[in-house]
Amino acid sequence: KDKYAITYQYITVQNLSKDNIIKKLNRYKNDNYNNINNVRNRQHNRHGINIGLDFGAIQIGKYFKSNVSKALNLGDLNGNKFEIILRQVHKRCRDTNSSSATHTKINFNALHEMNECIRNNGFINYFGLQRLGKYYHADSPRSYNIGAAMLQQNWGEAVNLLLMPRIGENYPATAAKLYYQKTKDAKETINKMPQYLHHERCVLKGLNRFGKTAYLQSFKEIPYNNRLMYAHAFQSFLWNHMASKRWEQYQKSRDDINSNKNHCFEIGDLIKSRTLELSDQGGKYIEITAENYDSIIAANDRHGIMYNVYDIVIPLPGLLTERYIRENKIYSKLVNDLLVSFGLTWDTAFRRGVCTLKGAYRMFLSKPINFESSVVDDSTLKLEFELTTSSYATVLLREFMRNDMVMACETEYKDWTECL
């Protein structure tokens, strides 16, 4: 959305009036128009502000407020509001006599059922493509694969994965990466690699400067916070599997006629506290144990509060959440098995790793606010909704459209080794 969408965001600026800000933006635009014949200036950048060719990429909105009491900071955001247009909408069917899919015009009368499902039930709060990297094929590397190689401190593998062609990338990127895989000529590959692939270019410059096998030094040419994104992608990969496991447990408890359907918790669950009185030492979360299960449910009733599945939080693996996960019967074996499958342990991944991964807590399920869909024409839908922080619109779309292709790509897989 940051690349293609029209987005609105509140910002605070120090020691500048609205008139001064507008003058500065107009000057950037005028400079850009004056250099219109210079292709390299079509996207002008000064002090981090990008101005497009035909119109300003930044404009001041009508909600300008002077003399605010404090600056906006990380953590102040409550959520995001989305307005999304889905074009070329059709129903995807599977021909019983063929393995291929067929497309038919969608029955818009079925929209009501889909709307009610999303509105009332929400969706599993998975991390989306922005964190994990796009999925196209099992052999196409993703961000979490690079993150796992980082935590293994297998820098040659991390560099190789980063510079490997990915299904779905455009031709210049694919051609440059194929050239590197075939020649290992970092200097010439830099000239071929698109400018927007910053991480790849940083590593290639390192290989050219330090040597063809200086993988660690070259990978460190990527700024630290950007390198950290790959490790966070691996954390998110683990969390998504934990969420799927918890959903499996939840479905089993719902299907069990002997279970208490009014309270859908498992021993070991964490729930977000709604009252400080119920929390241990005023904390944010309550851990459900065999000893406190009945008392917490009774306390819920006494306070007139009924906790439900939407109050469950799942820890993101890291230093601060290690004890809870390793002692938890739902997640412990799953996380250990996943770490082993990548040649990692808790020690190598989180305690003696190359970066500090503290861990955090994330809501198990997410429910959109004010979710509405409307028909624009026979093949176009308009969706409007709000999501709290740490929820992904792409994951909601996956659930709404019943289609994993939203998270992936329908491009036919190609074996890149044929080109080497």
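These legends go with close-up views of a predicted model.

**View 1**
Helix α2 covers residues 111–121, and its buried residues are Leu111, Met114, Asn115, Cys117 and Ile118. Look down the axis of α2 and these buried residues fall within an arc of 160°, so they line one face of the helix. The general rule behind such patterns is that an α-helix has 3.6 residues a turn, so residues three or four places apart point the same way. Over on the other side of α2, His112 and Glu113 are exposed. Just past the end of α2 comes glycine 122, with a positive phi of about 75°.

**View 1**

**View 2. Where α2 crosses α15.**
How do the two helices meet? The axes of α2 and α15 come within 10 Å and cross at roughly 140°. An angle over 145 would count as roughly antiparallel, but α2 and α15 are oblique to each other. Their crossing is right-handed. On the α2 side, the residues in the contact are Leu111, Met114, Asn115 and Ile118, and they meet Leu396, Glu399 and Phe400 of α15. Sorted by class, that contact has five nonpolar, one polar and one charged residues.

Is isoleucine 288 buried or exposed? Its relative accessible area is 2%, so isoleucine 288 counts as buried, the cut-off being under 20%. Isoleucine 288 belongs to the loop that links β8 (285–287) with α11 (293–303). Phenylalanine 265 is 23 residues away along the chain, and the C-alpha atoms of phenylalanine 265 and isoleucine 288 are 8.0 Å apart.

**View 3. Lysine 184, a positive phi in a loop.**
Most residues other than glycine have a negative phi. Lysine 184, though, has a positive phi, near 60°. You'll find lysine 184 in the loop between α6 (171–183) and α7 (186–192). With a relative accessibility of 34%, lysine 184 counts as partly exposed.

**View 4. Serine 390, just as worth a look.**
Which loop holds serine 390? The one between β13 and α15. Phi of serine 390 is positive, near 70°, in a residue other than glycine. Serine 390 has a relative accessibility of 47%, so this residue counts as partly exposed; exposed would take over 50%.

How values were computed. Residues numbered from 1 in each chain as written. Predicted model: local features only at pLDDT ≥ 70, side-chain atom pairs only at ≥ 80, totals over all residues. Heavy atoms only, no water. Helix = DSSP H or I, 4+ residues; strand = E, 2+ residues; numbered from the N terminus. Buried < 20%, exposed > 50% of the residue type's maximum accessible area, 1.4 Å probe, protein only. Arc of directions from axis to C-beta. Axes fitted to C-alpha atoms, helices over the stretch in contact; angles between N-to-C directions. Parallel < 35°, antiparallel > 145°, perpendicular 65-115°, else oblique. Left-handed = near helix turned anticlockwise from the far one by under 90°. Contact = heavy atoms within 4.5 Å. Nonpolar A, V, L, I, M, F, W, Y, C, P; charged D, E, K, R; others polar.
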